[in-house]
Amino acid sequence: NITNLSAKEVLDQIAAEEQRTIDAAYPLGPPGPELRRASESASYVFIVLTLLSMIGMAAIIAMLIIKRNHIQIKASSPLFSLISIFGALLLLSVNLIRGFTADDNCMLEVWFFGVGFILLFR
């Protein structure tokens, strides 16, 4: 009967039940760091795809600047487009930061993600 137990006893029961669930899910213990990270070849493929996307965005930026006096480009608000593309570039750069740094607490990654998200989806 749960009504006769103290708060500590109830929390201890909940913790014990959760531990049994975790033990059933991971009978050999929690996965090690080698299982939590992508393989090295997958990381390189992801970095290459990110770089190709960034090159494509740079080409779009160049096209917007070169053809800025074209009527369709003027109608599409080129400044807004450039700011949005810059935000997407910042978001993509998070992938590069994650791929090249071993420091999981890199604040540059968090800052680029936040600013890039705001610029892209404002």
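Student: What is the relative accessible area of S77?
Tutor: S77 has a relative accessible area of 34%, so this residue is partly exposed. Buried means under 20% relative accessible area, exposed means over 50%, and partly exposed lies in between, with a 1.4 Å probe and protein chains only.

Student: What kind of model is this, and how are residues numbered?
Tutor: The model is predicted: local features need pLDDT of at least 70, side-chain atom pairs count only at pLDDT 80 or more, and totals for chains, interfaces and linings use all residues. Residues are numbered from 1 along each chain as its sequence is written, and side-chain values use heavy atoms, with hydrogens and water left out.

Student: Back to S77. Where is it found?
Tutor: S77 lies in the loop between α4 (71–75) and α5. Its phi is near 55°, a positive value in a residue other than glycine. Most residues other than glycine have a negative phi.

Student: How many helices and strands are there?
Tutor: The protein has 6 helices and 0 strands, and its pattern along the sequence is α-α-α-α-α-α. These elements are DSSP runs numbered from the N terminus: helices are H or I with at least four residues, strands are E with at least two.

Student: Which residues make up the largest nonpolar core?
Tutor: That core has 10 residues: I47, M54, M57, L64, I73, I85, A88, L89, L92 and L96. The elements giving two or more residues to this core are α3 (40–66) and α5 (78–100). Helix α5 gives the most, with 5 residues. A nonpolar core is a set of buried Ala, Val, Leu, Ile, Met, Phe, Trp, Tyr and Cys residues joined through side-chain atoms within 4.5 Å.

Student: Which residues does the second core include?
Tutor: The second core is separate and has 5 residues, including L90, V94, I97 and F112. Over the protein, buried residues make up 20% of the 122 residues.

Student: New topic: how many aromatic pairs are there?
Tutor: The count is 3 aromatic pairs. Rings of Phe, Tyr and Trp (its six-membered ring) pair if their centres lie within 6.5 Å; planes under 30 degrees apart count as stacked, over 60 as edge-to-face and the rest as tilted.

Student: Why is the pair of F113 and F117 called stacked?
Tutor: The ring centres of F113 and F117 are 6.2 Å apart and the planes are at 20°, so the pair is stacked. Because the two residues are 4 apart in helix α6 (residues 107–120), about one helical turn separates them. F113 is partly exposed at 45% relative accessibility, and F117 is partly exposed at 42%.

Student: What about F117 and F121?
Tutor: F117 and F121 form a tilted pair, 5.0 Å centre to centre with 50° between the planes. F121 is exposed, with a relative accessible area of 56%. F113, F117 and F121 form one aromatic cluster.

Student: Which residues make the nonpolar surface patch of about 480 Å²?
Tutor: V45, V48, L49, L52 and I55 make that patch. Of these, L49 is in helix α3 and is partly exposed at 49% relative accessibility. Nonpolar side chains (Val, Leu, Ile, Met, Phe, Trp, Tyr) are joined within 5 Å, and like charges within 9 Å. Accessible areas come from the Shrake-Rupley method with a 1.4 Å probe; for residues, only the protein chains shown count as cover.

Technical notes
Patch = residues over 30% accessible without salt bridge, like charges linked within 9 Å, V, L, I, M, F, W, Y side chains within 5 Å. Salt bridge = Lys/Arg side-chain N within 4 Å of Asp/Glu carboxyl O.
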